[in-house]
Amino acid sequence: MKQIQLAFPEWLQGRVRHVEDVLDDLLPPADVVPARLHEAMRYAVLGGGKRVRAALVYAAGQACPVSGSVLAVEASLDRAAAAVELIHAYSLVHDDLPCMDDDVLRRGRPTTHVQFDEATAMLAGDALQPLAFELLASMPIAPALIVQATQSLARAAGSQGMAGGQAIDLLSVGHRLSRDELQQMHSMKTGAMLACSVALGGIVAGASSASRQALDVYAQAIGLAFQVVDDILDVTADSASLGKTPGKDAAENKPTYVSLLGLDEARAFASELREAALAALEPLGDAGKRLAELADFIVLRDR
């Protein structure tokens, strides 16, 4: 797709504003019955977040020559980007509940169950998940691509992806994991949804098998790097920067890359993953520029 070449910060902020508008339009209005549930859904999704997953969808779509109608692809990228943000938001709502991570701060404001109540927060998360798949089903692209996109998101969010990784995380509190075990957990818990975001961009654009392979290698590296950096920031950043409670992993004796490797080696590992992600993009040439910039953003961020 032909796009004006903005500087990366401008491009990213533009994508953040755009997907916020898309989400605002696609979420149920707050005054539609049941109003309190819809208000909680909108509270959980809108008004904050880095929107890295949505940006990865757009950047991956931009990295591939479009097969078919450009307008249809752009509309479908909007729905795919919104879908991954809805799944991410639902996971955060549930993760913050007292039965999970029991947190009171998210994106610099009270978590959904604190702002509303636990039952409403649970139902808000429950409702966001099917809405994500409804959006994929409404993409104006070939039915076969819709099926591929739906399968990709379902796997990434399910028991062998995000939900399974969270289950391993909960069972690992107080236990020391090996590096391979920790990597498996985070590849599922965090990496799967980030990798899916990249895959969705390629699927929607009708990417070739060679392009999809390059995107997959990139996504695996950057998905893991995101979690390594999260572990680093949990011990180096403050709540104002993070928008959530820092130091909880250490306080709850959770296994992290910092606790396993130490701070310096964890930083070195994040840097290695960044280099692997950038190398994977070489077959895409200049079209992979935004993905390369997102790799830098993810690894070099301070919040």
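In this predicted model, a salt bridge joins the side chains of Asp230 and Arg301, with an N to O distance of 3.1 Å. Asp230 belongs to helix α10, whereas Arg301 sits in the segment after α15 (289–300), so the pair ties together parts that are 71 residues apart in sequence. Arg301 has a relative accessibility of 8% and therefore counts as buried, the limit being under 20%.

The count of salt bridges comes to 11. Among them is the pairing of Arg42 with Asp24, at 2.1 Å from N to O. Here the partners come from helix α2 (Arg42) and helix α1 (Asp24), so this contact links parts that are 18 residues apart in sequence. Arg42 is buried at 16% relative accessibility, while Asp24, at 35%, is partly exposed. Glu275 is partly exposed, with a relative accessible area of 43%, and Arg274 is buried at 18%. Salt bridges also link Glu20, Arg51 and Glu85 in a network.

The surroundings of Leu86 give a handy close-up: leaving aside residues up to four places away in sequence, Leu86 touches Leu23, Leu27, Val45, Leu128, Leu131, Ala132 and Leu135. In soluble globular proteins, nonpolar side chains tend to be buried together.

Most residues other than glycine have a negative phi, and most peptide bonds are trans. The peptide bond from Val33 to Pro34, however, is cis, with omega near -5°; Pro34 is placed in the loop between α1 (8–26) and α2 (35–45). Asp102, although not a glycine, has a positive phi of about 50°. Asp102 lies in the loop between α4 (70–95) and β1 (105–106) and is partly exposed, at 43% relative accessibility. Arg107 likewise shows a positive phi, near 55°, and is found in the loop between β1 and β2 (109–110). With a relative accessible area of 24%, Arg107 is partly exposed.

Technical notes. Residues numbered from 1 in each chain as written. Predicted model: local features only at pLDDT ≥ 70, side-chain atom pairs only at ≥ 80, totals over all residues. Heavy atoms only, no water. Contact = heavy atoms within 4.5 Å. Helix = DSSP H or I, 4+ residues; strand = E, 2+ residues; numbered from the N terminus. Buried < 20%, exposed > 50% of the residue type's maximum accessible area, 1.4 Å probe, protein only. Salt bridge = Lys/Arg side-chain N within 4 Å of Asp/Glu carboxyl O.
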